[in-house]
Amino acid sequence: MATKNFQAVDEQRGSMALMSETDIIARILDHIDNKTTDMGHSGWKEPAANYQSIERLDAELALLRRRWIVFCPSAALSQSGDYIARDTADVPLVVVRGNDGEVRAFRNACRHRGVQVASGQGCTSVFVCPYHGWSYGNDGALRNVPHKDGFPGLEKQNRGLVAVECLEKNGLIFVKQDPNSKDQADPTDLPDLIPKEYRVIKSETLEIAANWKLHLESSLEGYHIRSTHQTTFFPVQYDNLTVNETFGQNSRIAFPYQAIEGLRDKPKSTWSTNGRLTFVYHLFPNVVVSTFPDCMQIVVLEPLGLALTRQHMFLLTDCAEDGAALNAVLEGQEFAKVGAIEDREVVLSAQRGLKSKANDYLEFGLYESAIEQFHGALTEELKGITT
């Protein structure tokens, strides 16, 4: 397939600008007519050692602790008392919406002996340590110490759960663990990705026996559509046809469906991407937001080891709680799930391939510019990080 380099056009629009729906559709139709696709300026060679080095993984975890990162969508904590407790960059955290409606993040450790006070997700007005019963409000304040006379001089006002910086913006909840980091990235400088009326209809956690970067890379290019998804995505999409944009350290990739050609004879004022393409937003470094007809999926990737990643998935929609529209969303996700399994299989194979030591580096070509963007930003961010 021939290629066109449209990156310069986006650069003229500004680094944080994203194309309109009309412009995206027009570019896709032009690609279809000319058998072209977007491409990057250059390729990227990522050393295989960067997927196998514990020192590199430690630096990546340190990066995740020092900068603002997405923890979950706001809709996952929609009611007062809603909380999610999980490890983030190898540190146990609990994020909770307080009785006052504010979202707060805390280190998930009792101030007595460090036992975790919450697990999984749920809704509560009080966290109780399962070891000795110390309890904390969902504002983090220490509320009760059983047999408190055994702790003379204990100042309850100074022994609440240890807070972590937390911010809610654009339908997302961000955390930053290191209060001393000089992270200049502005987590609010993102498009409004999550419609206010969207709610979470499904969430799940999955462990994948592969490096988190290998898993992430599988979402960021359409070069593999024909080969990997022969009977799933390829019959309804296109092989190696995407529109790629960058905004800051982030990317947006448009994967068109063949149904987009039905817009050719319709007025541009009526053009809509819903049901005609999937947008994949990569929010640097470890979050992917994907749009589907009448729903969207948010995936947070947590590195657990060199060859182990925990994936946290949230599915959101504004469809009524029952009826044909919601059924269509769920059926569409079952179809998408098959494609996700196909992606995981090749990711697991790539992880095994690292053991062969056949390659000194993994190569990403001009069709894989969003991966180049990711590795370039990650390499730059890791400079000077000590663990």
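Helix 6 gives the second largest pocket the largest share of its lining, 5 residues. Helices (H or I, at least four residues) and strands (E, at least two) are DSSP runs, numbered from the N terminus. A pocket here is an open set of points on a 1 Å grid over the protein atoms alone, where a 1.4 Å probe fits, with protein on both sides within 12 Å along at least five of seven lines; its lining residues have an atom within 4 Å of a point. This is a predicted model, in which local features need pLDDT of at least 70 and side-chain atom pairs count only at pLDDT 80 or more, while totals for chains, interfaces and linings use all residues. Residues are numbered from 1 along each chain as its sequence is written, and side-chain values use heavy atoms, with hydrogens and water left out.

The second largest pocket holds about 500 Å³ of space, a volume being the space filled by probe spheres set on grid points joined across faces, edges and corners. Of its 24 lining residues, Leu214, Glu217, Ala350, Leu362 and Phe364 are the closest to the centre. Helix 4, helix 6 and strand 19 (361-364) each supply at least two residues of this lining.

Helix 6 (324-354) and helix 4 (212-217) each supply at least two residues of the largest pocket's lining as well, as do strands including strand 12 (199-208) and strand 18 (308-317). The largest pocket has a volume of about 1000 Å³. Among the 44 residues lining it, those closest to its centre are Phe233, Phe292, Gln297, Ala336 and Ala340. Helix 6 again provides the largest share, 12 residues.

Beyond four places in sequence, Leu283 is in contact (heavy atoms within 4.5 Å) with residues including Val70, Leu172, Phe247 and Asn250.

Last comes confidence. The chain averages a pLDDT (the predictor's confidence in each residue, from 0 to 100) of 92, and 94% of the residues score at least 70. Over residues 1-15, pLDDT stays under 50.
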